[in-house]
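The entries follow the order in which I looked.

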Amino acid sequence: MDKIIKIGNSILQHGKENDRVYLMSLDLKDTELIQEEINKLILTNKYTKVFAKVDKKVEELFSQQGYAREAIVPELFGNGKDGVFLAKYFSDERKVDEHFELCQKVLQTAINKKKAEKSNVSISKLPKGYTFRKVVPEDAVEVSILYQTVFQTYPFPVHEAEYILQTMKDNVIYFGIWHETKLVALSSIEAADKYKNAEMTDFAVLEEYQGKDFALLLLNEMEKCLKEMNYQTAYTIARAKSYGMNITFAKSGYTYAGTLTNNTQISGNIESMNVWYKTVM
């Protein structure tokens, strides 16, 4: 499993699962220190990609080190501070997505759906016998089992109940749909209260319960939660090959921000990811 480490006041994830270093959170005072640490990790572990989510004001500093922009989200860090997703590659193979044409087809389909349809799914439309609510600590084992069922592997250890409990204590809010007493669909908000932004993530629906718009329903309820919290920006990093998730965000009014090439390991393969964002306030 990839490791998460703290450098100064910044957070890095790295490991062979994703074969990369991910700068998850950067305190601007740590910029020089972080670049030194990333270079050490690349040299030691021979990773093929660095992926960084940073304030646009430091983009030029990273560009000088060979990084290029893959996506941009306006107001990601609040008060006019845009966020950029930057990448630096150490392998020619990793720079090229062999599924590029499929990903482009998925993206265009999603954008067309955004133009043609508006999402209007709410918990009032849940079929009889289904309930929606926020996940509580007592659900952690059930949550981990659902993620084990849906994802063979995942960028973070959502297969472990202890990890679910720890993230709930930190900054993650999970949402679930139950069929009677069985948990059948999940999602989560990874909240950054300092910047009033949230990543809408960890969507999973059991195969036999797909096709019921549960992802749309979960997303709409998550947005209601963000509004109650006075958050400004919601964003997601969705599998570029997934028609379902890209269409879900497009239909919910999200704007395409860019593609992260060969970025994330899910179910045994490193895949490209699309970034979508929305102003929720």
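I count two strands as paired if DSSP finds at least two bridges between them. The model is predicted, and I read every entry below with that in mind.

Entry 1, the whole chain. I found 8 helices and 13 strands in the chain. The radius of gyration is 18 Å, close to the 19 Å that the globule rule gives for 281 residues, so the chain is as compact as a globular protein of that length. I noted a C-alpha trace spanning about 55 × 40 × 40 Å along its principal axes. Of the 281 residues, 53% are buried. Among contacts with a separation of 6 or more, 64% join residues 24 or more positions apart.

I looked up an accessible surface of about 13400 Å², with 49% of it belonging to carbon and sulfur atoms. The chain has 36 positive and 38 negative charges, and their mean positions lie 4 Å apart.

How many residues of strand β9 are buried? I got 8 of the 11 in residues 182–192, so the strand is largely enclosed by the rest of the structure. Strand β8 (residues 172–179) pairs with β9 in the antiparallel sense over 8 bridges. Strand β10 (residues 197–205) also pairs antiparallel with β9, over 7 bridges. I then checked alanine 185: isoleucine 177 is its bridge partner, and valine 205 in β10 stands opposite it.

Entry 4, the two hairpins. The β8 and β9 hairpin has 2 residues between the strands, and glutamate 180 takes a positive phi near 55° there. The β9 and β10 hairpin has 4 residues between the strands, and in it lysine 196 takes a positive phi near 55°.

Methods
Residues are numbered from 1 along each chain as its sequence is written. This is a predicted model: local features need pLDDT of at least 70, side-chain atom pairs count only at pLDDT 80 or more; totals for chains, interfaces and linings use all residues. Side-chain values use heavy atoms; hydrogens and water are left out. Buried means under 20% relative accessible area, exposed over 50%, partly exposed in between (1.4 Å probe, protein chains only). The radius of gyration is taken over C-alpha atoms; the globule rule is 2.2 Å times the number of residues to the power 0.38. Contact means heavy atoms within 4.5 Å. Accessible areas come from the Shrake-Rupley method with a 1.4 Å probe; for residues, only the protein chains shown count as cover. Lys and Arg count as positive and Asp and Glu as negative; His and the chain ends are not counted. The place of a charge is taken as NZ of Lys, CZ of Arg, CG of Asp or CD of Glu.
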